[in-house]
Amino acid sequence: MSQEICAATPLRRLGSIAVPLAFGLAALTGCTTTISGGDADGTPNPGSGGSGPVPVAGSGGVSGSAGIAGTAGQPNPAAGGSGGVPPASGGTGGVVMGTGGSGGSVPVASPDAAGPMPLRHLTSREHRNSVAALVADTSLAEDDVPTETSDATFDGFPFRQTGMVGTVEAEALQLAGESVARNIAGTIDAILPCQPANASEEAGCARSFIEAFAKCAYRRPPTAGQLSRLDALYAEGRSVHALDFRGAIALVVEAILQSPAFYYIDPRDPGPAEVDPNGGVIKMSGYPLASRLSYFLWGAPPDDQLLTAADNGSLAEVAGVSAEAQRLASDARAHGMASDFADDLLDMDILPSRGKDADAYPNYDLELADAMRAEVSAFAAGALFGQAPTLLTFLTSPSSFVNEPLAELYGLDGVNGSDFSAVSLPPGERGGLLTLAGFLANTGSAGGSLPPRRGKFVYTRLLCAELPPPPAEVPSVGESMPGLSTRARFEAHDANPCATGCHSILDGIGFAFEHYDGIGAYRDTEQGVPVNSASAYAFDEVNAVPFADAIELGTVLAGEPLAQACFARQWLRYALHRADTVGDEASLTAITDEFRAQGGSIPALWATLATSRTFRYRAPAPDEVFQ
Amino acid sequence: MRSSRFRRRTFLQGLGLGAGFLPLLDPQVAPAAPAGFPKRLITITWTNGTIPAQFYPAAGPLNTLSPLLAPLEPFKSKVLAMRQSNSAKSPIDVKVMLDKDQDYGGHWAYPALLTGTFTGNSSKPSSEAASIDQLIANDLMAKGVAAPLLNLGARPYSSSTTWKSAGTKNTAQTDPYKVFNSLFSGVPTTPGMPPTTDPGTPGVDALKARRQSVLDFVGAELDEFANGFGSEDRALVQSHIEAIAQLESRLAAMPGSGGSSGGGGGVPVGTSCAAPTLPGTKPNFNDVKNYPAHVSAMMAIAGAAAKCDFARCITLDLIDDGGGNSLTFPWLNISSPDYHAIAHEGQNGYEQKAPIDLWFMEQVAALVADLDSAPEGDGTVLDNTVILVCNDMNEGSNHYVGEVPYLIIGSAGGFFKQGETVALSQKVPNNHLLTTVCHAMDLEIASIGAYSGDLDSVLRA
């Protein structure tokens, strides 16, 4: 294919918008025509209406700013990492879906096994990134495309869950396709590989365009059937609809953006499936593997170089996959992954709809909630793409980004306006993901802190544990009153036998956050009583590990084998876009071991994940018919 | 400050966007119902149970409504309540959950409310079958109705009452402006006025033809794409194929420049048909302060869709089950704790919960008033409708899924008794109620889920 065929000229003037990261003004070659900022990438853009700087981990913004001051001298998580990986079946979150194997011939935890790769459609973030990459149009808003469920109740897979396309989604796809076709009508030459000099050259040019563009959009060479239907549609555009050359090209784009080969991530190989005799799993060929890589690391389709790697077979070898994974992970487009991971892991999409008591929190409004959400994204990108991108940094780093309303909440001076600035969070009060206002407000109640909800988050999302269902007739927690702290109310509640089961777990962790009120503001006293955030939790169910507060809890978690294993498991879920299965277990063990061996390095974790057997192979679906 | 991530089109902008936003009108092409008018089912569901002592009226004629039904006073002659004969409790169990030891699974009861089936657990509650709105819609489609199903929500969160099939939720539309653009663009806001978008505008026929070409293309792509997948993956593709078919029927029903080009005649749009009026500037529905505006808009959409006969099965999931998104009620001076926490307090929280429950019933009453003010035949649109009010648990502090409150308003064309509280001597599975609702909607079906039987003998007029 022509390397220039999918290239487009940026269609939107960025004006004074600073785009310091992901999807900056990228090279406009081949399949990648990216111009979108963090916004189209799904990263909450904390800038003011698009005119302010986007603070999410600019290459100079993070590593060059406050640095990761908190890491020096703190325990290396690898040091505590000698423990084994908890088995999925041990109540630690091993949700099993699908069959995970082909007829049971493979022992479930066999190193030869791999998990399944169910068909799924693009998420709204991936969808918008894909449109931006293909035609350089970033006009689609998040609610212009079908959205997926962020099912906060399903801890087995806490990330965005794609579902089925029903009428609502199909209509959204239709309107989105029509909208893009209108938007690019005037500038369609940017995606054309040729400029017909006269009418006689139009058919040939259209043919070249269709073949190349379909490969970019479908992320694999189009089939003969697909090409002939696209050719027919172009011809229908010219004849039935009386469109000119460029109008018919726009029609083809509109249709491709609604086609299943674009909208679904197809696990199947374009050619004959290669079944590995060891384990009966399918070795994924270059094209589906390229898509898996790029949607994991970029939330966007493969660029030319990655598609070329698929073309020439280099993704058949671990070395080839490793090289591409590292290339993608070190590209600025990967920053959105860190933001997306943290936003989803913390269910930050819920925050703006949570009601807060205006009497208790008169300064809380949607603008502050949006800023909190944006900070979580920016913090994650900063931590994971900064100087020491480790689990410890993620859970303890004081380097963050705030605007004026957030700075006021944190008691930081010198930050003005709605634009975000790199800051060091107040020492002794905050450090790490779990001390960000976004997390704390999202897990606070309407009028106060809520220890069990905060504890539940740590328990389910950072320890990958599952709670039993609550018992019948749970007694209510006592009313708040002066002189009685939140902690005291919940301690009294927890002493009740029928509440003990869950709350002894949840509150034991959740009390660590008592220095933060319902919107995450720091406090030393509550109801006139000094805050007591000291608590302890027995991660191994035997020895209680004490921690003084949430900051120390972050350090403890980073060194805790259970949390390390869970963090690797969450990334595996994120990368595979599904709950983990038994077929993943051997890979996950190896990934977790390597994660620890690499000192909790998150880029090392991504690289190991991308080259793992369960990422490069897949279990066939039970009644799948191979080509 | 507002990032473009939160950008929203306003309603007026939406209308002005040209050909791409022309209405997808759905004049129904169903054969006329026996009474000559279409029957509609509207379900309205919210969460956190009720206050039983204040909900169930005395058995017999509905002379005096119970406190929590007070907003329905003007329409009490069209209400059908149910209770146990010996106590002021609901006679309806979500028995399928009780049988699975999910007695206190009120957090996860939504999938069972309209399906009578339940599977999964607290991590992944699901249904084992389609819900009755879908079953009735399927039946109507088989009878030639283009797009009878409309699933709406305000804060459905992650759960759903409406299920396309086992394990597959229907997506509730939560943006009234999008629904408006889809259903009501060009429909005047005053009944009887000509459409504000002239169907003769150049471009309508071209748009229809273009859409048809693209849908043909997508359909053919899906047919090829479906080959070879295992059954679970193929079900995804099949759903997409059916959705494309739905869009094609809508397109066929969309008026062209020559006037209605629908499937050949059909029931004309109701005389009370008018587009709902939405706020000129779209409120931020994430903000709890705008929840009343959100619910109002959805009720107005539901009412207009019913009056215009743009939909026959409408579900409204007003708020999630599980309380996960912390709804508070500042307009009732209840800003803390949130609804879920209030419900958990049981009797201690009744002082706050009663006004909240009343508020929800007022929203129902607004829709009832809307439908009852729309003449149709010898009665009103309400008379040809059955509104099924649902809740996912008995009472907030116990989250018990036995004795859950259901309420019926409207007779579905004379099918249901009206102005009465029926007392049942023993409890019944909600499946029986759902089966009777299907019968009211002319879907002759012997059972819903695993419990065969119905309540025809006690609920039918």
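**Figure 1. Packing of helices α3 and α4 in chain A.** Helix α3 (residues 199–218) and helix α4 (residues 224–239) of chain A pack with their axes 10 Å apart and at an angle of about 135 degrees. This angle makes α3(A) oblique to α4(A); angles under 35 degrees count as roughly parallel, over 145 as roughly antiparallel, 65 to 115 as roughly perpendicular and the rest as oblique. The two helices form a right-handed crossing; a crossing has this hand if the near helix is turned clockwise from the far one by less than a right angle, and is left-handed if anticlockwise. On the α3(A) side, A206(A), R207(A), I210(A), E211(A) and A214(A) meet Q226(A), L227(A), L230(A), D231(A) and Y234(A) of α4(A). The residues of this contact divide into six nonpolar, one polar and three charged. Here Ala, Val, Leu, Ile, Met, Phe, Trp, Tyr, Cys and Pro count as nonpolar, Asp, Glu, Lys and Arg as charged, and the others, Gly among them, as polar.

The model is predicted: local features need pLDDT of at least 70 and side-chain atom pairs count only at pLDDT 80 or more, whereas totals for chains, interfaces and linings use all residues. Residues are numbered from 1 along each chain as its sequence is written, with chains lettered from A and ligands numbered from 1 in the order in which they are written. Helices (H or I, at least four residues) and strands (E, at least two) are DSSP runs, numbered from the N terminus. Axes are lines fitted to C-alpha atoms, for helices over the stretch in contact, and angles run from 0 to 180 degrees between N-to-C directions.

**Figure 2. Surroundings of A325 in chain A.** A325(A) belongs to helix α9 (residues 318–329) of chain A. This alanine counts as buried because it has 24 C-beta neighbours inside 10 Å; the class requires 20 or more other C-beta atoms within 10 Å, while exposed residues have 12 or fewer and partly exposed ones lie in between, with C-beta atoms placed from the backbone. Leaving aside residues up to four places away in sequence, A325(A) touches L293(A), L297(A), W606(A), A607(A), A610(A) and T611(A), a contact being a pair of such C-beta atoms within 7 Å.

**Figure 3. Helices α7 and α8 in chain B.** Helix α7 (residues 204–225) and helix α8 (residues 231–253) of chain B have axes 10 Å apart and pack at an angle of about 160 degrees. The two are therefore roughly antiparallel to each other, and α7(B) passes α8(B) in a left-handed crossing. Among the residues that meet are L215(B), V218(B) and L222(B) from α7(B) and I241(B), I244(B) and L247(B) from α8(B). This contact comprises nine nonpolar, three polar and three charged residues.

**Figure 4. The eight-stranded open sheet of chain B.** The strands follow the order β2-β13-β3-β12-β11-β1-β8-β5 with mixed pairing. Strands β2 (60–61) and β5 (149–155) of chain B stand at the edges, each with a single partner, so one side of each is left without a neighbour in the sheet. Strands pair if DSSP finds at least two bridges between them. Five bridges link β3 (residues 79–84) and β13 (residues 420–424) of chain B in the parallel sense, with L80(B) opposite E420(B). By contrast, β3(B) and β12(B) run antiparallel and are joined by two bridges, V79(B) having I409(B) as its bridge partner. Strands β11(B) and β12(B) are likewise antiparallel, with four bridges, and L388(B) stands opposite I408(B).

**Figure 5. Covered faces of the sheet in chain B.** In a regular strand the side chains alternate between the two faces of the sheet. In β12(B), Y406(B) and I408(B) on one side and L407(B) and I409(B) on the other are all buried. Helix α11 (residues 350–372) of chain B lies across β1, β8, β11 (385–391) and β12 (406–409), running at about 175 degrees to β11(B). Helix α5 (residues 132–142) of chain B lies across β1, β5 and β8, at about 160 degrees to β8(B).

**Figure 6. Backbone features in loops of chain B.** N48(B), in the loop between β1 (40–46) and α2 (52–55), has a positive phi near 75 degrees. D309(B), which is not a glycine, has a positive phi of about 60 degrees and sits in the loop between α9 (291–308) and β8. N48(B) counts as buried with 29 C-beta neighbours inside 10 Å, and D309(B) is buried with 25 other C-beta atoms within 10 Å. The peptide bond from S336(B) to P337(B) is cis, with omega near -5 degrees.

Key
Contact = placed C-beta atoms within 7 Å.
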